[in-house]
Amino acid sequence: MVDRGQAHTLEAVVAGLLLLSSIIFALQMTAVTPLSASTSSQHIENQQQSVARGVLAAAAEQESLKPTVLYWNETVGDFHGVTGVGYYTNEPPNTTFGGMLERSFDQRGISYNVYLSFETPAGEQKRKRMIYRGVPSDNAVVAARTVALMDDDPLYSAVSEPIAGTTLDNSSSFYMGDTGGAVYNVVRVEVVTWRI
Amino acid sequence: MRGHNKRGQTTLDFAFGMSLFIAVVVFIFLFVPGILEPFTAGAQAETVTTNRVADELTHGLLGSARTPGVLNRTCTVGFFSAVAVDGCAYGGTGTVPERVGIGSNQNVNVTIYGNLSASGDGRDVLCWDEDVDALVEQGDSGCVVGPTSQDVRLQDGRSPPQRSGDSVTATRVASLFREDVTVEVVMW
């Protein structure tokens, strides 16, 4: 027994184990998931951004963006149908724009937040949540469109009809302030979308 | 002396060890590209072209470049029935690749989807009903596409491959006849 050099080729076995363990180590270190950034996910982000831009353009053309911004319950001091938190969490608002968001994103497994960005009378930028479904992922994209509100624009009812006799100037609970002049305020509607 | 107890390494040991090692190396070379495959773009040219075609259609060819995302009803119906209409930007009455300006050897399919029913039963290919001047879904009884009818199904191009092969889809949302519709361009 003592005269033998080597019984088996152990080097090959050790080298094989070394290769396999380095692959396992590399796999454990990097979490490669379907949400990881890559060329193909870049393509999907581009599509989501284009779709969001198209939804905003279609809503503006059908004159639904402004009624959604003005979808405000004056007596409660909140958006119609919103209780407590101050923004929609599950269903989008019952306006044409809300229906478009539902058809374009909800039915395709895409999550979205809608923010309203505007300037306060004191000159500060403020961002109000309108639809909020949590913190967007790293791969979220944003599309935005600007809407100008006039002093004599009416508020809209729960069925998305203008309420006669109401104007932004006379509203006391509206979430924006008058920045002066005939233009009441300018609001940027931002749609942030991401895959879930 | 070549006694049985005095051997170093036999050929058999070597063959066994090396075959094991080579088997592991081959396994790793086959396995690693498989993990990364979903993250490499397959159809590079189509990815770029399909986006360009979708942008052109929604930002100009079917409407006006002044109002991107808003489609003109006359131009859209004219495009899908391959008729030249005055004031519309798409070229000619040829095949779909000719009308959108890509090479004739590339396969493209353009479809407009929509969900017009209030019940929310999912989207369907849209159809222009000439008799009542309205958009309907293709399963609607008003949508009769044929030689005796002026109705136009808003879909053109060959059918995308169903079983295998890479295809790239570009999706845009636009406003058509005061409805929000989805324009899908598939290339392969």
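Trainee: In this predicted model, how many aromatic pairs does the count come to over all chains?

Mentor: The model is predicted, and rings are taken as a pair if their centres lie within 6.5 Å. Counted by this rule over all chains, the aromatic pairs come to 15.

Trainee: What kind of pair do the rings of A:W72 and A:F79 make?

Mentor: The ring centres of A:W72 and A:F79 lie 5.2 Å apart, and the planes stand at 85 degrees to one another. Planes over 60 degrees apart fall into one class by the rule used here, so the pair formed by A:W72 and A:F79 is edge-to-face.

Trainee: Are A:W72 and A:F79 buried or exposed?

Mentor: The cut-off to keep in mind is that a residue under 20% relative accessible area is called buried. A:W72 has a relative accessibility of 3% and therefore counts as buried. A:F79 has a relative accessibility of 1%, so this residue too is classed as buried.

Trainee: Which residues form one aromatic cluster with A:W72 and A:F79?

Mentor: The edge-to-face pair of A:W72 and A:F79 belongs to one aromatic cluster of chain A residues.

Trainee: How do the elements of chain A run from the N terminus on?

Mentor: Chain A contains four helices and six strands. Read from the N terminus on, these elements come in the order α-α-α-β-β-α-β-β-β-β.

Trainee: What share of the 196 residues of chain A count as buried, and what share of the 188 residues in chain B?

Mentor: The accessible surface of chain A comes to about 10000 Å², with 56% of it belonging to carbon and sulfur atoms, while chain B exposes about 10400 Å², with carbon and sulfur atoms supplying 54%. As for the residues themselves, the buried share in chain A is 45%, and in chain B the buried share is 39%.

Trainee: Where is the place of A:T95, and which residues does A:T95 touch?

Mentor: A:T95 is placed in the loop between strand 2 (78-79) and helix 4 (96-104) of chain A. Its relative accessibility is 7%, so A:T95 counts as buried. Leaving aside residues up to four places away in sequence, A:T95 touches A:T68, A:Y71 and A:S160.

Trainee: How do the elements of chain B run from the N terminus on?

Mentor: In chain B there are four helices and eight strands. Their order from the N terminus on is α-α-β-α-α-β-β-β-β-β-β-β.

Trainee: Which residues does B:E184 touch, not counting residues up to four places away in sequence?

Mentor: B:E184 lies in strand 8 (residues 179-187) of chain B, and with a relative accessible area of 12% this residue is buried. When residues up to four places away in sequence are not counted, B:E184 touches B:N109, B:V110, B:T111, B:Y113, B:R123, B:T169, B:A170 and B:T171.

Trainee: How many Å apart in space are B:E184 and B:G17, C-alpha to C-alpha?

Mentor: In sequence, B:E184 and B:G17 are 167 residues apart. In space, taken from C-alpha to C-alpha, B:E184 and B:G17 are separated by 56 Å.

Notes
Residues are numbered from 1 along each chain as its sequence is written. Chains are lettered from A and ligands numbered from 1 in the order in which they are written. This is a predicted model: local features need pLDDT of at least 70, side-chain atom pairs count only at pLDDT 80 or more; totals for chains, interfaces and linings use all residues. Side-chain values use heavy atoms; hydrogens and water are left out. Helices (H or I, at least four residues) and strands (E, at least two) are DSSP runs, numbered from the N terminus. Buried means under 20% relative accessible area, exposed over 50%, partly exposed in between (1.4 Å probe, protein chains only). Accessible areas come from the Shrake-Rupley method with a 1.4 Å probe; for residues, only the protein chains shown count as cover. Rings of Phe, Tyr and Trp (its six-membered ring) pair if their centres lie within 6.5 Å; planes under 30 degrees apart count as stacked, over 60 as edge-to-face and the rest as tilted. Contact means heavy atoms within 4.5 Å.
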